[in-house]
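Reader: Please take a close look at one part of this model, the open sheets and the pairing of their strands. A connected account would be welcome.

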Amino acid sequence: RLLAKIQLGQKSRTGFGRVYEQIDSFITQSEMNQPDRDPFIGRTSLRPAQRQRLHTRMDLLSQKNIDPRVVDTLGQFLENASDLEVARIRPIAFAERFQLDPRQVINACFEGTRLGVFSLLWDIMCPSCRIPSSVQETLAAIKDHGYCEACNLDFGIDLSDSIELIFRIHPEIREVTTAVYCIGGPAWSRHVVAQVRLAAGERFACELKLSEGAYIVRGQQLPFTIDLRVSHSSLVKRLELSLARPPATPRTALSIGSQVVHLCNDSAVDQQIRIERTASRHDALSAARASTMALFRELFPNEVLSADQIVSVAHLTVMRVQIHGTQQLYESLGDSAAFSEIRAALQGILETVKEHSGAVVKTIGEGVLASFPDSISAVQAAVALLRLSNEPKLPIATVIHSGTAMVATLEDRLDYFGKTLQTLERILESSAPQTLLLTSNITETPEVQAYFCEQQIQAELIPELQLPSGVITLQVRF
């Protein structure tokens, strides 16, 4: 009782009093007109040496090919923002907040890391609560499974969804700590649309109002997940879900509006079930996306997985370019003269890939395998390559495909493997000089369709190619 009286009656009252005074001061002063100002975090004050170090390194960054507005915004942010903000800088989210070009912000963070403005870190994201479960300093330190203490969940690592590249201000400029916090409340879990705990044998009718999109049903004790799709085309409003066995179909469709999902816990244990919206985190610079960027591979060649590590990628866009006519060139010019021209053609391909935010994974004979952060960047690069010359001495064939892949470190660089890469090679075998072949999962993306319409490009189906089930190939003409 004595300790409670001291803690609650004196210390807590004093602490809350300071908070209330701080709120009063914030409301009554002009600082309340600053939307980015956090009333509970004091202003940052750098020492003269730290400020000089920051200004010197930002001046060096301004000499790189970076938008001056991006450099100026970053400099002011690093000097004035709170410790909490500069300890976890997410480049794409930063660009959206200050209305900047995301690619320029990402490049500024890459270059700034080399100049000592930032430190590079990797957030391991829990797929359930979608907050960082841990922070690693290198890709090599990441294992094939992660664990979220807040959710008590062990999860597999995926380069597209589980690993996010973040940046922290360099300790020589400001000493801050990048910490991991608990969920904290519903505000951090807006993707959770329903949650219910069911005892063994219990049944519950969950009344929902889900908008169009993809959802997932998951639980800590549930050995499987259930995919839901809400769309205008479905007429199903009521759904029965057993928690003892997975559904017969991989995905169940529901209609838009009001839905009722009956959850039946016919298992032998209590179940806590969540229905979550599966929208992607568009403002995250995932490890998969970073690894497709040429500047990242150029500046951080040591950022690779450990030698024995194999990690999946949920979505990867890859492009294969092959130069035709090399055999005839070797025969007519000889090895030395012919290779000189082939090397010049390869250099042109490498530069075009880099200009369109792609990264060359490796050269394969007289060809190139490149990866891109999205479909539209790959398509624009391919069109640029084919438009370099109407009658090239060394014509090229280009194929673009996307899908899942496996990533591993071979010869000290990240490389990709799996069915998606095998399909890419099979399509390339059927390609002709000066052609661009795309699979339907590339042409069906809205950005690519809008680009085709703007550039008056047509994609024609190629039915004769024998490809795996579900893969449709189209040839582009323009």
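Author: **Strand pairing in the two sheets**

Strand β1 (residues 118-125) and β5 run antiparallel and are joined by 7 bridges; strands count as paired if DSSP finds at least two bridges between them. Strands here are DSSP runs (E, at least two residues), numbered from the N terminus. The model is predicted: local features need pLDDT of at least 70, side-chain atom pairs count only at pLDDT 80 or more, and totals for chains, interfaces and linings use all residues. Residues are numbered from 1 along each chain as its sequence is written, and side-chain values use heavy atoms, with hydrogens and water left out.

An open sheet of 5 strands has mixed pairing and the order β6-β13-β8-β9-β11. Its edge strands, β6 (192-198) and β11 (251-255), each pair on one side only. Neighbouring strands of this sheet are turned by 20° against each other on average, direction ignored. Inside this order, β8 (residues 213-219) pairs with β9 (residues 226-231) in the antiparallel sense over 5 bridges, and G213 stands opposite V230 in β9.

Notes. Helices (H or I, at least four residues) and strands (E, at least two) are DSSP runs, numbered from the N terminus. Axes are lines fitted to C-alpha atoms, for helices over the stretch in contact, and angles run from 0 to 180 degrees between N-to-C directions.
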